[in-house]
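Subject: Structure for you to look at

Hello,

Here is the structure I promised to pass on. Please open it and keep it in view while you read my notes below.

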Amino acid sequence: MFIGREKELVQLNAELSDWKRRTAALIYGKRRVGKSTLIREAAKSFNGIVIYYVCVSSTFEGNLELINQSVSDALQLPGMRFNTLSDLMDYLDASKFYPRLSVRDRVAFYAVFGGSPYVLENLNKAQTLEENITHLLLKETGLVRSHIENVTMREIQKNFDARILEKIGNGKKRYTEIRDRIASNETGLLDKQLKILLDMETIQKTMPINRRSDKKKTVFQQEY
């Protein structure tokens, strides 16, 4: 039951109905005077999707996780995760690539394909989201899949010397063999690069159980 606040309700509805311009409404007052109830009442007459969220006493990351869930629930989509508020809200330009879709579908496309112009211009607007995923991401020769793999590999290669994989090839190589090919002295850089490749599960390491700290006996090979 909603009683009173007729003036405030009219003002808030007027702000929400003027969707052609950016607007913000500040509602303030002491606790338990009906601020949240007023917002929910005004939202009933709003011709659009309402995402309702109240900040909690937690970290920014904790609140962002809950906001992500509120967005997913309001749009009836599987759980989406965005790392920043900008990622969550700044999809307007991306949505212009598929203007005829519903708001729900535009958000769904953005959640999957992001905002890269190269990716978005290769979407098939006549196909559903599932069909685009199948054609562009799941196929081994999918255009977007190849694009993501290439971009990812370029970023990864900034962190290690490509000659490491060249040296290891398809065979087992001792640490000293790799070191002699890559580094002329022990600077610690090779160890860091090998750790990156191990963390990526690109290579695997084998050590004697009784001499685990002996680098000369350590063998590296590609992960299969």
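Helix 12 (residues 189-199) lies across strand 2 and strand 3. Against strand 2, helix 12 runs at about 110°. Keep in mind that this is a predicted model.

Three strands form an open sheet, and their order is 1-3-2. The pairing is antiparallel. Strand 1 and strand 2 stand at the edges. Each has a single partner strand, so one side of each is left without a neighbour in the sheet.

Look at the pairs in turn. Strand 1 (residues 173-174) is joined to strand 3 (residues 219-222) by two bridges. Here Arg174 stands opposite Val219 of strand 3. Strand 2 (residues 203-206) pairs with strand 3 over four bridges. In that pair, Thr206 has Val219 as its bridge partner in strand 3. As background, strands of a sheet pair through backbone hydrogen bonds, either parallel or antiparallel.

Next, the whole chain. The secondary structure comes to twelve helices and three strands. The chain has 224 residues, and buried residues make up 25% of them. It exposes about 16200 Å². Carbon and sulfur atoms supply 52% of that area. Take the contacts in the chain with a separation of 6 or more: residues 24 or more positions apart account for 38% of them.

Then the cores. In soluble globular proteins, nonpolar side chains tend to be buried together. The largest nonpolar core in this model has 21 residues. Tyr98, Phe113 and Leu123 have the most contacts inside that core. Helix 3, helix 6 (103-113), helix 7 (117-120) and helix 8 each supply at least two residues of this core. The largest share, five residues, comes from helix 6.

Is Ser72 buried or exposed? Ser72 counts as buried, because its relative accessibility is 1% and the cut-off for buried is under 20%. Leave aside its neighbours within four places in sequence. Ser72 is then in contact with Leu77, Pro78, Gly79 and Met80.

Best wishes

Conventions:
Residues numbered from 1 in each chain as written. Predicted model: local features only at pLDDT ≥ 70, side-chain atom pairs only at ≥ 80, totals over all residues. Heavy atoms only, no water. Buried < 20%, exposed > 50% of the residue type's maximum accessible area, 1.4 Å probe, protein only. Contact = heavy atoms within 4.5 Å. Pairing = 2+ DSSP bridges. Core = buried A, V, L, I, M, F, W, Y, C linked by side-chain atoms within 4.5 Å. Axes fitted to C-alpha atoms, helices over the stretch in contact; angles between N-to-C directions. Areas by Shrake-Rupley, 256 points an atom, 1.4 Å probe, with all protein chains shown as cover.
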